[in-house]
Amino acid sequence: MKDKRVLIVSSEVVPYLPENELSTTSFEAARMIHGKGGQTRIFMPRYGLINERRHQLHEVIRLSGMNLVINDMDMPLIIKVASIPKERMQVYFIDNDEYFKRKALFSDEDNNLYEDNDERAIFFAKGVVETVKKLNWAPDIIHVHGWMASLLPLYIKEYYKDDALFAESKIVTSLYNNGFEGELSKEFSKKIKFDNIEESKFEILAKPNHTNILISAIENSDAVIKASEELPSELLAHLKTNKKPVLEYFSVGEFEDAYSDFYLNQVL
């Protein structure tokens, strides 16, 4: 992995959010790459429940300040950064007061999904790409973890398809069994269409449930990793029809060599 550039984009990462399969695996993947001489940049949303003082987040003025257009609305992009203690790895946080200030991840106190989760996912995808462009950091691999990050493959392959910075980048999506019940906004497809992405490229999102969001990510990725031991049957059925490289499940304690071998010999 020496000198390979890997962009890790995750819905959740430890130590900024509680430990679970997703937050731990995305962190450990980055640490593995870093330990093998690769370069990493980690991106996640700056949810309101992240303690900025404890984790020493600070705004990066030179990266902040642009507006992203989401469904015909200008939404300010704020970029914050922190360093993971002892690891010498930087984490970039995509922030916006309208979308990420609230003190919860995806649902309210009654466990109802936020109405604007679709817009939050679009904002996160665009925010990651625009920040990487400002950093002028061309990744060899973009590794996506978690459904909030799963629009990134579609946007890289369609909305940003003419951007030279990502021309050689390969996209890997990790699949987790950490879904949500129900569906996102019925306007989801309309909001993606606003970005002049061809409708045929996201037909599956007409029914925006967790499985279909991941299927969209698979369709726009170059390779897939089973990051949970058990996955929804619909997702597994789709993988069987998929001709892209798929890495079977390895636990966090066992995946180091499997992931690096997959990156180097199946993805690149």
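Visitor: Where is Asn 136 found?

Guide: Asn 136 is in the loop between helix 4 and strand 8 (141–145). Bear in mind that this is a predicted model.

Visitor: Why is Asn 136 called exposed?

Guide: Its relative accessible area is 58%. Exposed means over 50%, so Asn 136 counts as exposed. Asn 136 also has a positive phi of about 55°, although it is not a glycine.

Visitor: What is the phi of Asn 196, and where does Asn 196 lie?

Guide: Phi of Asn 196 is near 60°, a positive value in a residue other than glycine. Asn 196 sits in the loop between helix 6 (188–193) and helix 7.

Visitor: What makes Val 252 partly exposed?

Guide: Val 252 has 33% relative accessibility. Buried would need under 20% and exposed over 50%, so Val 252 counts as partly exposed. Its place is the loop between strand 11 (246–247) and helix 9 (255–267).

Visitor: Which residues does Val 252 touch, leaving out those up to four places away in sequence?

Guide: Val 252 touches Thr 24, Thr 25 and Glu 28. Val 252 and Glu 21 are 231 residues apart in sequence, yet their C-alpha atoms are 8.4 Å apart in space.

Visitor: Why does Val 224 count as buried?

Guide: Val 224 has 0% relative accessibility. Buried means under 20%, so Val 224 counts as buried. Val 224 belongs to strand 10. Leaving aside neighbours within four places in sequence, its contacts include Thr 173, Leu 175, Ile 218, Leu 239 and Phe 262. Val 144 is 80 residues from Val 224 along the chain, and their C-alpha atoms are separated by 9.5 Å.

Visitor: Which residues of helix 7 and helix 8 meet?

Guide: From helix 7 there are Thr 211, Leu 214, Ile 215, Ile 218 and Glu 219, and they meet Glu 234, Leu 235, His 238 and Leu 239 in helix 8. By class, this contact of helix 7 with helix 8 has five nonpolar, two polar and two charged residues.

Visitor: What makes helix 4 oblique to helix 5?

Guide: The axes of helix 4 (residues 117–135) and helix 5 (residues 152–159) come within 9 Å and cross at roughly 60°. That makes helix 4 oblique to helix 5, because roughly parallel needs an angle under 35 degrees and roughly perpendicular needs 65 to 115. Helix 4 passes helix 5 in a right-handed crossing.

Visitor: Which residues meet where helix 4 passes helix 5?

Guide: Helix 4 brings Ile 122, Ala 125, Lys 126, Val 128 and Val 129, which meet Leu 152, Tyr 155, Ile 156 and Tyr 159 in helix 5. The residues of this contact of helix 4 with helix 5 divide into eight nonpolar, no polar and one charged.

Visitor: Which residues touch the most other members of the largest nonpolar core?

Guide: Leu 151 and Ile 192 do, out of 84 residues in that core. Helix 4 gives the most to this core, with eight residues. Apart from it lies another core, of eight residues, among them Leu 214, Ile 215, Leu 231 and Leu 235.

Visitor: What is Ile 192 in contact with, leaving aside its neighbours within four places in sequence?

Guide: Ile 192 is in contact with Ile 122, Leu 151, Leu 154, Tyr 155, Ile 197, Phe 202 and Leu 205.

Visitor: And which residues does the cis peptide bond join?

Guide: The cis peptide bond joins Val 14 and Pro 15, with omega about 10°. Pro 15 is in the loop between strand 1 (5–10) and helix 1 (21–35).

Note on methods
Residues are numbered from 1 along each chain as its sequence is written. This is a predicted model: local features need pLDDT of at least 70, side-chain atom pairs count only at pLDDT 80 or more; totals for chains, interfaces and linings use all residues. Side-chain values use heavy atoms; hydrogens and water are left out. Axes are lines fitted to C-alpha atoms, for helices over the stretch in contact, and angles run from 0 to 180 degrees between N-to-C directions. Helices (H or I, at least four residues) and strands (E, at least two) are DSSP runs, numbered from the N terminus. Angles under 35 degrees count as roughly parallel, over 145 as roughly antiparallel, 65 to 115 as roughly perpendicular and the rest as oblique. A crossing is left-handed if the near helix is turned anticlockwise from the far one by less than a right angle, and right-handed if clockwise. Contact means heavy atoms within 4.5 Å. Ala, Val, Leu, Ile, Met, Phe, Trp, Tyr, Cys and Pro count as nonpolar, Asp, Glu, Lys and Arg as charged, and the others, Gly among them, as polar. A nonpolar core is a set of buried Ala, Val, Leu, Ile, Met, Phe, Trp, Tyr and Cys residues joined through side-chain atoms within 4.5 Å. Buried means under 20% relative accessible area, exposed over 50%, partly exposed in between (1.4 Å probe, protein chains only).
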